[in-house]
Every structure is written in C-alpha cells, then in structure tokens.
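Reader: I have not looked at this one before. Can you walk me through it, starting with the overall layout?

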Amino acid sequence: MLQLIKEETEHIKEEVGLAMFKNCHFERASQLFSELVLSTCFVDFLTLPAYKYFD
C-alpha cells in the first residue's frame, strides 16, 4: 500500500509541477492520507486528524 501511495504522490508531483507540489502541501496531505488508511483505528471524521496541521 505504501508503494502505491508513493507512486501516486509522484504522479501528482509530475502533474502539478514541483513548485505547486511544495507550496500546496501535497506531501503533508499524502502523509495524512497514509496515516488514515493504514491505521488500525479508524476515526469517525476524516477531517479530525488534519486539524493538527492548522496554524
């Protein structure tokens, strides 16, 4: 599963370009997605874990 996520993240990077990829938090989103789908404990609302990234 992690390999698939890495591959898809690379496809996104190629599609949007490196500058936009870095400026729009795609890496953070990919990490969060990985945490959510690989966790043994699912959260009730998928947005809750993202709150820790808000300033």
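Author: Read along the sequence, the protein follows the pattern α-α-α. Keep in mind that this is a predicted model.

Reader: How many helices and strands are there in the protein?

Author: There are three helices and zero strands.

Reader: What does the C-alpha trace span along its principal axes?

Author: The C-alpha trace spans about 35 × 30 × 10 Å along those axes.

Reader: And what share of the residues is buried?

Author: Of the 55 residues in the protein, 16% are buried. The accessible surface comes to about 4,700 Å², and carbon and sulfur atoms account for 61% of that surface.

Reader: Which residues make the nonpolar surface patch?

Author: The patch is made by Met1, Leu2, Leu4, Phe33, Val37 and Leu38, and covers about 550 Å². Two elements give two or more residues to the patch: helix H1, residues 2-16, and helix H3, residues 26-38.

Reader: Which element gives the most to the nonpolar patch?

Author: Helix H3 does, with three residues.

Reader: Let's take Val37. Where is it found?

Author: Val37 sits in helix H3.

Reader: Why does Val37 count as partly exposed?

Author: Its relative accessibility is 31%. Buried would need a value under 20% and exposed one over 50%, so Val37 falls in between, as partly exposed.

Reader: How far apart are Val37 and Pro49?

Author: In sequence, Val37 and Pro49 are twelve residues apart. In space they are 12 Å apart, C-alpha to C-alpha.

Reader: Switching to charges. How many positive and negative side chains does the protein have?

Author: The protein has 5 positive and 9 negative side chains. The centres of the two sets lie 7 Å apart.

Reader: Now the rings. How many aromatic pairs are there?

Author: The count comes to two aromatic pairs. One is formed by Phe21 and Phe26, with 5.6 Å from centre to centre and 5° between the planes.

Reader: Stacked or tilted, that pair of Phe21 and Phe26?

Author: Stacked. Planes under 30 degrees apart count as stacked, so the 5° between the planes of Phe21 and Phe26 puts the pair in that class.

Reader: Buried or exposed, Phe21?

Author: Phe21 counts as buried, at 2% relative accessibility.

Methods:
Residues are numbered from 1 along each chain as its sequence is written. This is a predicted model: local features need pLDDT of at least 70, side-chain atom pairs count only at pLDDT 80 or more; totals for chains, interfaces and linings use all residues. Side-chain values use heavy atoms; hydrogens and water are left out. Rings of Phe, Tyr and Trp (its six-membered ring) pair if their centres lie within 6.5 Å; planes under 30 degrees apart count as stacked, over 60 as edge-to-face and the rest as tilted. Buried means under 20% relative accessible area, exposed over 50%, partly exposed in between (1.4 Å probe, protein chains only). Helices (H or I, at least four residues) and strands (E, at least two) are DSSP runs, numbered from the N terminus. Accessible areas come from the Shrake-Rupley method with a 1.4 Å probe; for residues, only the protein chains shown count as cover. Lys and Arg count as positive and Asp and Glu as negative; His and the chain ends are not counted. The place of a charge is taken as NZ of Lys, CZ of Arg, CG of Asp or CD of Glu. Patches are made of residues with over 30% relative accessible area and no salt bridge: like charges are joined within 9 Å, nonpolar side chains (Val, Leu, Ile, Met, Phe, Trp, Tyr) within 5 Å. A salt bridge is a side-chain nitrogen of Lys or Arg within 4 Å of a carboxyl oxygen of Asp or Glu.
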